[in-house]
Amino acid sequence: TTPREMAAALDRVEGAGTSGLIDCAPDARIEAIVGSWPSEFVTARAAGLGLTAEDSFDTIVQAYLASHAADRRKGTS
């Protein structure tokens, strides 16, 4: 999932234009950190533990928003 795809998922889940809240200015420190991450990895151990990948990034955004809303209701955000 690319940052552009993540922003598009935010627009799909929360409404068009929501991704406009994201500051897309390049940041060399962040690029160096993210650039050091692997682009592909094997998840056999996770699968063996019964963990599965989400179907889409939209699902991840929806889960985050639901969790955040629950935290706000509890006063823990």
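Good morning. I begin with one side chain: that of Thr18 reaches the backbone oxygen of Glu14 at a distance of 3.5 Å. Please keep in mind throughout that the structure shown above is a predicted model.

Where does Thr18 lie? Its place is the loop between H1 and H2. Is Thr18 buried or exposed? Its relative accessibility is 19%, and because buried means under 20%, Thr18 counts as buried. If we set aside residues up to four places away in sequence, Thr18 touches Leu10 and Asp11.

Ser19 is also found in the loop between H1 and H2. With a relative accessible area of 18%, Ser19 is buried. Leaving out neighbours within four places in sequence, its contacts are Ala7, Leu10 and Asp11.

I turn now to H2 itself. How many of its eight residues are buried? The number is zero, so H2 lies largely in the open. At the start of this helix, a side-chain oxygen of Asp27 comes to within 3.0 Å of the backbone nitrogen of Arg29.

My next topic is charge. Side chains of opposite charge can pair when their charged atoms come close. A search of the whole structure finds one salt bridge. Which residues form it? The partners are Arg12 and Asp58, and their closest N and O atoms are 2.6 Å apart. Asp58, at 16% relative accessibility, counts as buried.

Finally, I come to the largest pocket. Its volume is about 730 Å³. Of the 21 residues that line this pocket, Thr1, Thr2, Pro3, Arg4 and Met6 are the closest to its centre. Which elements give two or more residues to the lining? They are helix H1, spanning 3–14, helix H2, spanning 28–35, and helix H4, spanning 57–74. The largest share, five residues, comes from H1. By class, the lining has 14 nonpolar, three polar and four charged residues.

Thank you for your attention.

Terms used:
Residues numbered from 1 in each chain as written. Predicted model: local features only at pLDDT ≥ 70, side-chain atom pairs only at ≥ 80, totals over all residues. Heavy atoms only, no water. 1 Å grid on protein atoms, 1.4 Å probe; cavity = no way out; pocket = protein on both sides within 12 Å on 5 of 7 lines; lining within 4 Å. Points joined across faces, edges and corners; volume = space filled by probe spheres on them. Helix = DSSP H or I, 4+ residues; strand = E, 2+ residues; numbered from the N terminus. Nonpolar A, V, L, I, M, F, W, Y, C, P; charged D, E, K, R; others polar. Buried < 20%, exposed > 50% of the residue type's maximum accessible area, 1.4 Å probe, protein only. Polar contact = N/O pair within 3.5 Å; in protein donor to acceptor, adjacent residues only side chain to side chain. Contact = heavy atoms within 4.5 Å. Salt bridge = Lys/Arg side-chain N within 4 Å of Asp/Glu carboxyl O.
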